[in-house]
Amino acid sequence: DVLFRALGNLAEVIHLVETEYVDELNQEALSLALDAGLVEPLDRSAAVLPPDRVDDYLELVASPPPFGFGLSSRLGAAAVQFVFPGSPAEAAGLAAWEVIELVEGVNSRGRPLWQIRLELMDHERRGKPVRLTVLDREVDERREVVLEPGEWTLRPAAAEQRDGATVIRVEALA
């Protein structure tokens, strides 16, 4: 019953946008946004992509993360999930679970993570720095971070037994 009410609300919103919106609608963009709105809240790592970005995204997921840090979400915005040692992200002082409020002046709240990842990849490919505004988890203040593209290589993961547990280390070469 709840699902059908939600779908009814969605149908009503679509109808209002199509009939009351003043500017001409880009039907493909609207369709992608609706698909993303259904899929991405269920799984923030899911990606509903425009066809021209699929190859870029496939390349992105097959290589180390741009600037050496992974993205997740926290408080509805992008957040640093992990930072590889020796990466530009570590050099810039990013730390795990800091919230990324702005990427190049654009708010990350509600933006799909794939979109931010591709933007970071584009900057890194072109050799251009990227400017982030993060909420520093140590002092609970905003700070500007500039990630400079640089050469770094991900080492293969190493596993060892320590006190009856398996410890896996992933490191980068600067």
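# Note on a predicted single-chain model

1. Trp-97 is partly exposed, with a relative accessible area of 36%. Partly exposed is the range between buried, under 20% relative accessible area, and exposed, over 50% (1.4 Å probe, protein chains only). Trp-97 sits in the loop between α4 (88-91) and β3. Helices (H or I, at least four residues) and strands (E, at least two) are DSSP runs, numbered from the N terminus. Although Trp-97 is not a glycine, its phi is positive, at about 70°.

2. On the basis of the note: this is a predicted model, in which local features need pLDDT of at least 70 and side-chain atom pairs count only at pLDDT 80 or more, while totals for chains, interfaces and linings use all residues. Residues are numbered from 1 along each chain as its sequence is written, and side-chain values use heavy atoms, with hydrogens and water left out.

3. The protein chain has 5 helices and 10 strands. Of its 174 residues, 31% are buried. The accessible surface comes to about 10,800 Å², and 54% of this belongs to carbon and sulfur atoms; accessible areas come from the Shrake-Rupley method with a 1.4 Å probe, and for residues only the protein chains shown count as cover. Among contacts (heavy atoms within 4.5 Å) with a separation of 6 or more, 48% join residues 24 or more positions apart.

4. Which residues of the largest nonpolar core touch the most other members? They are Phe-69, Leu-71, Leu-94, Ile-100, Leu-132 and Leu-147, out of 17 residues in that core. The elements that give two or more residues to this core are β1 (69-74), β2 (77-83), β3 (99-103), α5 (113-126), β5 (130-136) and β6 (141-147). A second, separate core has 6 residues, including Leu-49, Leu-60, Trp-114 and Met-121. A nonpolar core here is a set of buried Ala, Val, Leu, Ile, Met, Phe, Trp, Tyr and Cys residues joined through side-chain atoms within 4.5 Å. In soluble globular proteins, nonpolar side chains tend to be buried together.

5. Ile-100 shows how parts of the chain meet. Neighbours within four places in sequence aside, Ile-100 is in contact with Phe-69, Leu-71, Ala-77, Ala-78, Ala-79, Val-80, Ser-108, Leu-132, Thr-133 and Val-134.

6. Ser-72 lies in strand β1. With a relative accessible area of 16%, Ser-72 is buried. If residues up to four places away in sequence are not counted, Ser-72 touches Ala-77, Ala-78, Ala-79, Gln-81, Trp-97 and Leu-113.

7. Phe-67 also deserves a check of its backbone. Phe-67 has a positive phi of about 60° and is not a glycine. Most residues other than glycine have a negative phi, and most peptide bonds are trans. The residue is placed in the loop between α3 and β1. Is Phe-67 buried or exposed? Phe-67 counts as buried because its relative accessible area is 0%.

8. Pro-149 belongs to the loop between β6 and β7 and is partly exposed, at 25% relative accessibility. Apart from residues up to four places away in sequence, Pro-149 touches Phe-67, Glu-124, Gly-127, Lys-128 and Pro-129. Pro-149 and Arg-125 are 24 residues apart in sequence, and their C-alpha atoms are 8.3 Å apart.

9. Glu-104 and Glu-119 can be read together. Glu-104 is in the loop between β3 and β4 (106-107) and is partly exposed, at 29% relative accessible area. Glu-119 is in helix α5 and, at 18% relative accessibility, counts as buried. Neighbours within four places aside, Glu-104 is in contact with Glu-119, His-123, Pro-129, Val-130 and Arg-131. On the same terms, Glu-119 is in contact with Val-103, Glu-104 and Arg-111. For Glu-119 and Pro-66, 53 residues apart along the chain, the C-alpha separation is 9.4 Å.

10. The largest pocket holds about 250 Å³ of space. Its lining has 14 residues, and the closest to the centre are Ser-63, Pro-64, Pro-66, Glu-124 and Trp-152. The elements giving two or more lining residues are α3 (54-61), α5 and β7 (153-154), and α5 gives the most, with 3 residues. The lining divides into 7 nonpolar, 3 polar and 4 charged residues.

11. Terms for the pocket: on a 1 Å grid over the protein atoms alone, a pocket is an open set of points where a 1.4 Å probe fits, with protein on both sides within 12 Å along at least five of seven lines, and lining residues have an atom within 4 Å of a point. Grid points are joined across faces, edges and corners, and the volume is the space filled by probe spheres set on the points. Ala, Val, Leu, Ile, Met, Phe, Trp, Tyr, Cys and Pro count as nonpolar, Asp, Glu, Lys and Arg as charged, and the others, Gly among them, as polar.
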